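Subject: Structure handover and notes

Dear colleague,

My notes come after it.

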Amino acid sequence: YRCVNFPGSWELYSTAFEGETVLDPFFFKDEHDQKWLFVNKQASLNAPVDCELHLFKVDSVKMNEITPHKQNPVILDSRSARNGGSVFKYNSEYYRPSQNSSNGVYGKSVNICKILKLTIDEYREEMVKSIEPDFHAGLVATHHLSQVNGSFVIDAAFKKL
């Protein structure tokens, strides 16, 4: 859907993944002007939703042309598969925030993963930092990181009293 008049008016825009359970999608345009969709997909009705990261090369946000990555799912691990924000560039390198949702805890912590290789045939990343919920009293989870104009924002959850 896309917003026609915020906040209450929306219209159908694309049905690329109709009938599938997809979460936390984001688009990324690389240095070669290629457009990518990073999305988490549920493998089956009873499977967890935070274990599989899928990549697709797309023509635009309309997604008229979608090419699945050859390694899909490119990550199969609840400790790092689920997106935790959009890819950002730092010191000429690209990083993907991901969620650690292991041991049944949604958004236990945020990982910063450096993208080492991104082509239609290969995807590799390495975790370079984990942001644990230990930077403020009462925090129990962190699960999203966004970067805009050089500033970072992190989403965190407090323990319910």
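Predicted model: local features only at pLDDT ≥ 70, side-chain atom pairs only at ≥ 80, totals over all residues.

The core

The largest nonpolar core comprises 14 residues, and those with the most contacts inside it are Phe28, Phe38, Val87, Ile115, Leu118 and Tyr123. Two or more residues of this core come from each of strand S3 (22-29), strand S4 (35-41), strand S5 (52-58) and strand S10 (109-118). As a general point, nonpolar side chains in soluble globular proteins tend to be buried together.

Once neighbours within four places in sequence are set aside, Phe28 is in contact with Gln34, Lys35, Trp36, Phe38, Val87, Tyr94 and Leu118. Leu118, which is found in strand S10, has a relative accessible area of 15% and is therefore buried, the limit being under 20%. With the neighbours within four places again left aside, the contacts of Leu118 are Phe28, Trp36, Phe38, Leu55 and Tyr123.

The aromatic rings

A search of the whole structure gives seven aromatic pairs. One of them is formed by Phe26 and Phe38, whose rings are stacked, with 4.8 Å from centre to centre and 10 degrees between the planes. This pair links distant parts of the chain, since Phe26 belongs to strand S3 and Phe38 to strand S4, 12 residues apart. Phe26 counts as buried because its relative accessibility is 8%, and Phe38 counts as buried because its value is 0%. Phe38 also pairs with Phe28, here edge-to-face, at 6.2 Å centre to centre and with 80 degrees between the planes. That pair, too, links distant parts of the chain, Phe28 in strand S3 and Phe38 in strand S4, 10 residues apart. Both Phe28 and Phe38 are buried. Ring pairs extend this arrangement into a cluster made up of Phe26, Phe28, Phe38, Tyr94 and Tyr123.

A buried histidine

His69 sits in the loop between strand S6 (66-68) and strand S7 (75-76). Is this residue, His69, buried or exposed? His69 counts as buried, because its relative accessibility is 3%, which falls under the 20% limit. The side chain of His69 reaches the backbone oxygen of Glu122 at 3.4 Å. Apart from its neighbours within four places in sequence, His69 is in contact with Trp36, Leu55, Phe56, Val74, Thr119, Ile120, Asp121, Glu122 and Tyr123.

One of the sheets

Four strands form an open sheet in the order S8-S9-S10-S11, with antiparallel pairing. Its edge strands, each of which pairs on one side only, are strand S8 (88-90) and strand S11 (123-131). From one strand to the next, the twist averages 40 degrees. S8 and strand S9 (residues 93-100) run antiparallel and are joined by three bridges, and Lys89 stands opposite Tyr94 in S9.

Backbone details

The bond from Phe6 to Pro7 is cis, with omega near 5 degrees, and Pro7 lies in the loop between strand S1 (2-5) and strand S2 (9-11).

Two residues other than glycine have a positive phi. Asp33, in the loop between S3 and S4, has a phi of about 65 degrees; with a relative accessible area of 46%, Asp33 is partly exposed. Asn91, in the loop between S8 and S9, has a phi near 50 degrees, and at 60% relative accessibility Asn91 counts as exposed.

With best wishes

Note on methods:
Residues numbered from 1 in each chain as written. Heavy atoms only, no water. Core = buried A, V, L, I, M, F, W, Y, C linked by side-chain atoms within 4.5 Å. Buried < 20%, exposed > 50% of the residue type's maximum accessible area, 1.4 Å probe, protein only. Contact = heavy atoms within 4.5 Å. Pairing = 2+ DSSP bridges. Axes fitted to C-alpha atoms, helices over the stretch in contact; angles between N-to-C directions. Polar contact = N/O pair within 3.5 Å; in protein donor to acceptor, adjacent residues only side chain to side chain. Phe/Tyr/Trp six-rings, centres within 6.5 Å; stacked < 30°, edge-to-face > 60°.
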